Amino acid sequence: MFNKNIKLVLAALVIGAAVWQFIETNIGNGIMLILLSLIFVFLYFKNEIILLAFLRLRKQDFPGAKKWLDKIKNPSAALVPKQEGYYNYLNGLMISQTNMVEAEKYFKKAEKLGLNMSADMAMTKLNLAGIAMTKNRKREAEQLMGEAKKLDKHNMLDDQIKMMKQQMKKMGQPRQQFGKGGRGGRRF
């Protein structure tokens, strides 16, 4: 994996070589080098490691995706802010399976850095709402669920939001005790 600035330098060098090929009347070589430089520009905006981690997640291979993400040693230097947001989002998704406190840190960082797609941001807010609900922060959970509902333009998260609202209603109800009844006596 290259640093984000090295990708731009490589793209500029390849474009310079393409111009030189055009001057030498090697048009085919110049076109090929321009196409090659477009790959470096694409990889500047879409990090290759994050793309490979997404492919692993689509196959439900959490350990494989984690292995790819662990290859990014310094996310703030290697990634642009939106990519760093996705890096934190993916780490939050994987860690939420085991450690909610750590996952909350990753999701908040992803929310702060921002994500390109509103559906991903809605999923981040919904995960944060679930974490807030488990920590008995009902008001924060309701606010985050409302934000998630607004961001979910294609209603892909409707079922999850309804389910979380039902769980929140159950949280507010007093728990009913079953078992021995009465004043210490037996019932026959």
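Mentor: Let us begin with burial, where buried means under 20% relative accessible area, exposed over 50% and partly exposed in between, with a 1.4 Å probe and protein chains only. In helix 1, the buried residues are Lys4, Lys7, Ala11, Val14, Ala18 and Gln21. They lie on the same side of helix 1, because they cover an arc of only 90 degrees around the axis, the arc being that of the directions from the helix axis to the C-beta atoms. On the other side of helix 1, Leu13 and Ile23 are exposed.

Trainee: What should I keep in mind about the origin of these values?

Mentor: This is a predicted model, in which local features need pLDDT of at least 70 and side-chain atom pairs count only at pLDDT 80 or more, while totals for chains, interfaces and linings use all residues. Residues are numbered from 1 along each chain as its sequence is written, and side-chain values use heavy atoms, with hydrogens and water left out.

Trainee: How many helices and strands are there in the chain?

Mentor: Helices (H or I, at least four residues) and strands (E, at least two) are DSSP runs, numbered from the N terminus. The chain has ten helices and zero strands, and of its 188 residues 36% count as buried.

Trainee: What covers the buried residues of helix 1?

Mentor: Here contact means heavy atoms within 4.5 Å, and the cover includes helix 2 (27–45), helix 3 (48–58) and helix 5 (75–78).

Trainee: Which residues touch the most other members of the largest nonpolar core?

Mentor: In soluble globular proteins, nonpolar side chains tend to be buried together. A nonpolar core is a set of buried Ala, Val, Leu, Ile, Met, Phe, Trp, Tyr and Cys residues joined through side-chain atoms within 4.5 Å. Of the 37 residues in the largest such core, Ile50, Leu69, Tyr89, Leu90, Phe107 and Leu126 touch the most other members. Helix 8 (118–134) is among the elements that give two or more residues to this core, and the largest share, eight residues, comes from helix 8. As for phenylalanine 107, its contacts beyond four places in sequence include Tyr89, Leu93, Leu128 and Ile131.

Trainee: At what angle do helix 3 and helix 4 pack?

Mentor: Axes are lines fitted to C-alpha atoms, for helices over the stretch in contact, and angles run from 0 to 180 degrees between N-to-C directions. Helix 3 and helix 4 pack at about 175 degrees, with their axes 8 Å apart. That makes helix 3 roughly antiparallel to helix 4, given that angles under 35 degrees count as roughly parallel, over 145 as roughly antiparallel, 65 to 115 as roughly perpendicular and the rest as oblique. Among the residues that meet are Ile49, Ile50 and Leu57 in helix 3, and Phe62, Trp68 and Leu69 in helix 4.
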